[in-house]
Amino acid sequence: MSVGEPSSAYVVCPVCGHVFRATYASTYVTVGREADLCPKIPGRPSDGARLIRNAVTMCPVCSFAAGEAFDDLDLTFDERYGIEERLKEDGLLKVFRKGQPPWLGFHAAEVCGKERSLKSRELGDLCLRASWVCRKEKERPFESTFQLRSLRHFMRSLQEDDLIGRELSVTTYLVGELNRRLGNYREALNWYVNAGRTTEGDPRVAWLDRLIDRQSKLAREQAA
Ligand SMILES: [Zn+2]
């Protein structure tokens, strides 16, 4: 697969059985990352948003969505039933299913992920990606909505998921950075300090130490 050319294939929805053509994520060129780790992608922001969106597949009929390839999913009868119920009752899906806003697949994947008992870290990641898409598509209010949801999942993840090493450091840092973006500068500063403690000068995460320093300075200026 060449860079920047997403592949597509027929897939079967594991919930409703609908067969459709899905576009899969491909590798793509990035020119660094923003401070919340959103990839910077050359070209128009909406093209970048589309590449990020390919990370999830959503069934056009029942709205089942997941970050994994549908073929790899083996849902139990109870899971399928639970997912159908959640998708039917979800308020945002009721309102936005027809309009298909760019963040919808991530939202649906989060709804389904809860029923599939995904870890909080993974649910947080879906919401974080949704916030990146919203920023690139200039959907301001939804960007904040997904940042807040991502923040809550990551906080729960720090309590429940037994994170270690790089994942612990990055998640703690993101709790700081999402707080900063939501205007909670004091909270952000506390979490940057926590994140710095988890890296313990590990040279493999020197990039993160630099980011923590830079964003702490920024949050202190913003808090002043
Ligand atoms: Zn379906």
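Is Ser26 buried or exposed? Ser26 is buried, with a relative accessible area of 10%, where buried means under 20% relative accessible area, exposed over 50%, and partly exposed in between (1.4 Å probe, protein chains only).

## About the model

This is a predicted model, in which local features need pLDDT of at least 70, side-chain atom pairs count only at pLDDT 80 or more, and totals for chains, interfaces and linings use all residues. Residues are numbered from 1 along each chain as its sequence is written, and side-chain values use heavy atoms, with hydrogens and water left out.

Back to Ser26 for a moment. Ser26 sits in the loop between strand 2 and helix 1 (45–53); helices (H or I, at least four residues) and strands (E, at least two) are DSSP runs, numbered from the N terminus. From the C-alpha atom of Ser26 to that of Ile212, 186 residues away along the chain, the separation is 30 Å.

## The zinc site

Which residues coordinate the zinc ion? The SG atoms of Cys13, Cys16, Cys59 and Cys62 do, at 2.2 to 2.3 Å. Donors here are N, O and S atoms within 2.8 Å of the metal (3.2 Å for Na, K and Ca); water is not among the atoms, so sites may look incomplete. The angles among the four donor atoms run from 104 to 115 degrees, and the site is tetrahedral. For four donors, that label applies if all angles lie between 85 and 135 degrees; four count as square planar and six as octahedral if opposite donors are over 155 degrees apart and all others between 65 and 115, and anything else is irregular.

Along the sequence, the donor residues follow the spacing C-x2-C-x42-C-x2-C. Cys16 and Cys62 link distant parts of the chain, being 46 residues apart. Cys16 belongs to the loop between strand 1 (7–12) and strand 2 (19–24), and Cys62 to the loop between strand 3 (57–58) and strand 4 (65–66). Cys16 is partly exposed, at 34% relative accessible area, whereas Cys62 is buried, at 16%.

## Around the zinc loops

Ser63 is buried, with a relative accessible area of 2%, and its phi is near 75 degrees, a positive value in a residue other than glycine. Most residues other than glycine have a negative phi, and most peptide bonds are trans. Gln100 also has a positive phi, about 50 degrees, although it is not a glycine. Gln100 lies in the loop between helix 3 (91–96) and helix 4 and is partly exposed, at 41% relative accessible area.

Asp74 is found in the loop between strand 4 and helix 2 (77–89), and it counts as exposed at 72% relative accessibility. Asp74 and Pro14 are 60 residues apart in sequence, with their C-alpha atoms 7.7 Å apart in space. Ile83, in helix 2, is buried with a relative accessible area of 0%. Its C-alpha atom is 7.8 Å from that of Val15, 68 residues away along the chain. Neighbours within four places in sequence aside, Ile83 is in contact (heavy atoms within 4.5 Å) with Val15, Phe64, Leu75, Cys112, Glu115 and Arg116.

## Helix 4 against helix 5

Two packed helices are described by the angle between their axes and the distance between the axes. Helix 4 (residues 104–115) and helix 5 (residues 120–136) pack at about 170 degrees, with their axes 9 Å apart. Axes are lines fitted to C-alpha atoms, for helices over the stretch in contact, and angles run from 0 to 180 degrees between N-to-C directions. Helix 4 and helix 5 are therefore roughly antiparallel to each other; angles under 35 degrees count as roughly parallel, over 145 as roughly antiparallel, 65 to 115 as roughly perpendicular and the rest as oblique.

In this contact, Phe106, Ala109, Glu110, Gly113 and Lys114 of helix 4 meet Leu123, Leu126, Cys127, Arg129, Ala130 and Val133 of helix 5. The residues divide into seven nonpolar, one polar and three charged. Here Ala, Val, Leu, Ile, Met, Phe, Trp, Tyr, Cys and Pro count as nonpolar, Asp, Glu, Lys and Arg as charged, and the others, Gly among them, as polar. Glu110 counts as buried at 2% relative accessibility; beyond four places in sequence, its contacts are Leu123, Leu126, Cys127, Arg149 and His153. Ala109 also counts as buried, at 2%, and touches Val56, Ala65, Ala66 and Leu126, not counting residues up to four places away in sequence.
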